[in-house]
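Welcome, and please open your viewer. We will go from stop to stop, selecting residues as we go.

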Amino acid sequence: ALEAQLLPEDETVSVGGKAIAVGNPEAGGISATSGIVCVDSEYITMKTADEKSTVSMRVLRIDTAINSGNSGGGLFDAAGRLIGITNAKIVDTSTENIAYAIPVRVAQNVADNILYYCTDGSQRSVRRCMLGISVSTEGSAAVYDPETGSVSIRETVAVSEVSSDGAANGQLKKGDIVLSVTLGGRTYDITRSYMLIDAMLTARPGDAAVFRILR
């Protein structure tokens with residue numbers, strides 16, 4: 001069996017980067033469509049499988065053609081590395097070529113979380129550590145990498161609220177700039193607000209969360 005190479009954890013998807021979707025549209029056999037990453041991270045709200053309830057999720061926006069049969073297939077960059085799992089598109093006469101994919105790191109962290117917690121019928125959902133804080137973006141800038149020729153967004157992530165009964169109460173304060181968090185021996189640099197949320201999916205019972213902050 002072939003195993004897809006994932007985008008390395010220390011790399012991020014860049015706007016304008018290649019986005020190649022592989023799937024089985026209309027059950028006609030494996031095919032590929034090509035486009036670019038239009039937005040590297042945003043949130044959408046969509047209906048769940050029961051067509052009644054809704055769910056909000058973080059996604060990549062792409063202009064790669066995604067048709068029925070593509071959903072659940074891989075989204076790859078120009079080097080053939082998996083960057084996402086395709087899952088939705090907009091169907092509207094006023095818009096064209098707007099589709100979405102779950103970022104590969106989110107998909108991987110959720111899968112690992114399910115494998116860890118959902119070992120029997122008593123636990124049937126993902127469990128994420130809640131710190132009891134809210135964060136906001138205090139500023140952002142585009143950073144050019146001359147080695148790769150890519151541009152990435154760097155945000156200043158600040159604590160905007162601390163819950164009085166949350167785990168971080170007494171440790172973090174409103175206005176703290178979050179630079180990194182270490183969980184289970186792994187350090188995650190926080191250069192985008194979503195990175196802190198993603199990191200919490202990897203927390204396991206007994207882990208200590210060690211923050212590096214600027215106060």
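Begin with helix H1 and its surroundings. In this predicted model, the cover over the buried residues of H1 includes strand E3 (54–62), strand E5 (82–89), strand E6 (99–103) and helix H2 (193–200). Now select H1 itself, residues 104–117. Its 14 residues reach 20 Å from the first C-alpha to the last, close to the 20 Å expected at 1.5 Å a residue. Colour Val-104, Arg-105, Val-106, Asn-109, Asn-113 and Tyr-117, which are buried in H1.

Next, move to the largest nonpolar core, which has 17 residues. Show Ile-133, Val-181, Leu-183, Tyr-188, Ile-190, Leu-196 and Met-200, the members that touch the most others. E8, strand E9 (177–183) and H2 are the elements that give two or more residues to this core. H2 gives the most, with five residues.

Stay here and centre on Leu-196. Which residues does Leu-196 touch, not counting those up to four places away in sequence? They are Leu-131, Ile-133, Val-135, Val-181, Ile-190 and Phe-211.

For the next stop, select Leu-7, Ala-19, Ala-21 and Leu-75: they are among the members of a second, separate core of 15 residues.

Finally, find Ser-152 in strand E8 (residues 150–162). Is Ser-152 buried or exposed? Ser-152 counts as buried because its relative accessibility is 18%, and the cut-off for buried is under 20%. Display its contacts, leaving aside neighbours within four places in sequence: Thr-12, Ala-141, Ala-142 and Val-143.

Methods
Residues numbered from 1 in each chain as written. Predicted model: local features only at pLDDT ≥ 70, side-chain atom pairs only at ≥ 80, totals over all residues. Heavy atoms only, no water. Helix = DSSP H or I, 4+ residues; strand = E, 2+ residues; numbered from the N terminus. Expected span 1.5 Å × (residues − 1). Buried < 20%, exposed > 50% of the residue type's maximum accessible area, 1.4 Å probe, protein only. Contact = heavy atoms within 4.5 Å. Core = buried A, V, L, I, M, F, W, Y, C linked by side-chain atoms within 4.5 Å.
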